[in-house]
Amino acid sequence: MPLSYIPSPSVNGFHLGPLFVHFYGLMYVIGITLAVIITQRRVRASGGDPSVVGDVAVWAVPAGIIGGRIYFDITTPSQISPHTWWGAFAVWNGGLGIWGGIAAGALAGIWRLRRRGVAFGPFADAVAPALLVAQAVGRIGNYFNQELYGSHTTMPWGLRISGHPGAYHPTFLYELIFDLALAALLVWLGHHTAIRPPGLFALYVTGYSAFRIYEESLRIDYSQHFLGLRLNTFVASALALIGIIWFSYTQRRRPAAAAGAGAGPGAVAGDAADASHAGGPADAGGPPAAESATGGADAAGADTAGGADAAAGADDVADPEGEGGAAEGSGDGTDIIPGTSGRRG
């Protein structure tokens, strides 16, 4: 026995009147609440509508719990209590598979996002760090349930398990630390790099799955095995590979603006002309905008060819007798600002 260790918890919940509150379930409630709050802040900071987060959570959270329990029941049927009819549904006793939870929650979330007309990519990037925080808090519940631990260890942070000799790797604690570190990394990448959506979510899938490969090599709790390895090792390996491919695909594909570049110079010039009219009428055929204080050229009333010339960056709009020069305004045209159709004030 090491000189120092993490003691096993003496209780796994508390009474609230006639209701017994399990710490495992309480940690999930706290984690989900934090995930919603964090996602709302990230969506608001990106200019989105934070009310979408609550709408998605109302459907994705129950779907995630159901999916997580179904995954657990299918992959570890021997852990279902045979003494009660509700054994397959007893989530308060532990047993939520993260893979099933994320898959079912994601499907429900995509459905709600489509109903609201919200793009999946940016929303997924906003929710990725929040999911990791929720998972980290949920691992505290594993401690109170005395589950998710690894093989024997003599490290000073070894975990005592009631009724078992020695100390064990606290794999729940390893995952908690990793989840928070990966969440911080994703936030940093989102602020300091130009990763295209849903690149951050793809990195979440990749990073977490890669860590689970290591974690599964330490765990000794019951699991279905295949070819001598834990079933979750194969699932984590497949998802890590999928995450890498997904991330590479999202970052290599050409953005819409670049794809439109092959449409010819006329299309690019037209886009630029539209952008230059962002503060004016919606279409070039609309009523002309007010002239400048010096009686300058009427930019909003320019025809399509004039807009294309401006978008092409022609700085030689220097013909003082031309349609955009002094012919329509006062002065001799020498006070035109180079590269624009406006005059110096």
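Predicted model: local features only at pLDDT ≥ 70, side-chain atom pairs only at ≥ 80, totals over all residues.
Helix α4 passes helix α6 in a right-handed crossing. Helix α6 covers residues 199–218, and its axis and that of α4 come within 7 Å, crossing at roughly 30°. Angles under 35 degrees count as roughly parallel, and α4 and α6 are therefore roughly parallel to each other.

Two packed helices are described by the angle between their axes and the distance between the axes. For α4 and α5, the angle is about 165° and the axes lie 8 Å apart. That makes α4 roughly antiparallel to α5, since angles over 145 degrees are counted in that class. The crossing here is left-handed, as α4 passes α5.

The next partner of α4 to consider is helix α1. Helix α1 is formed by residues 23–45 and helix α4 by residues 120–144; their axes come within 8 Å and cross at roughly 160°. With such an angle, α1 is roughly antiparallel to α4. The crossing of these two helices is right-handed. The contact of α1 with α4 comprises 20 nonpolar residues, together with five polar and two charged ones.

In the loop between α4 and α5 lies Q146. This residue is not a glycine, yet Q146 has a positive phi of about 55°. A cis peptide bond, with omega about -5°, links P197 to P198.

Attention may now turn to the strands. Strand β1 (residues 13–16) and strand β2 (residues 19–22) run antiparallel and are joined by four bridges. Across this pairing, F14 stands opposite V21 in β2, while H15 stands opposite F20 in β2. In a regular strand the side chains alternate between the two faces of the sheet. The hairpin of β1 and β2 has two residues between the strands, and G17 adopts a positive phi near 65° there.

Taken together, the helix pairs may be summarised through α4. Helix α4 is roughly parallel to α6, roughly antiparallel to α5 and roughly antiparallel to α1. Its crossing with α5 is left-handed, whereas its crossing with α6 is right-handed, and the crossing of α1 and α4 is right-handed as well.

Notes
Residues numbered from 1 in each chain as written. Heavy atoms only, no water. Axes fitted to C-alpha atoms, helices over the stretch in contact; angles between N-to-C directions. Parallel < 35°, antiparallel > 145°, perpendicular 65-115°, else oblique. Left-handed = near helix turned anticlockwise from the far one by under 90°. Nonpolar A, V, L, I, M, F, W, Y, C, P; charged D, E, K, R; others polar. Pairing = 2+ DSSP bridges.
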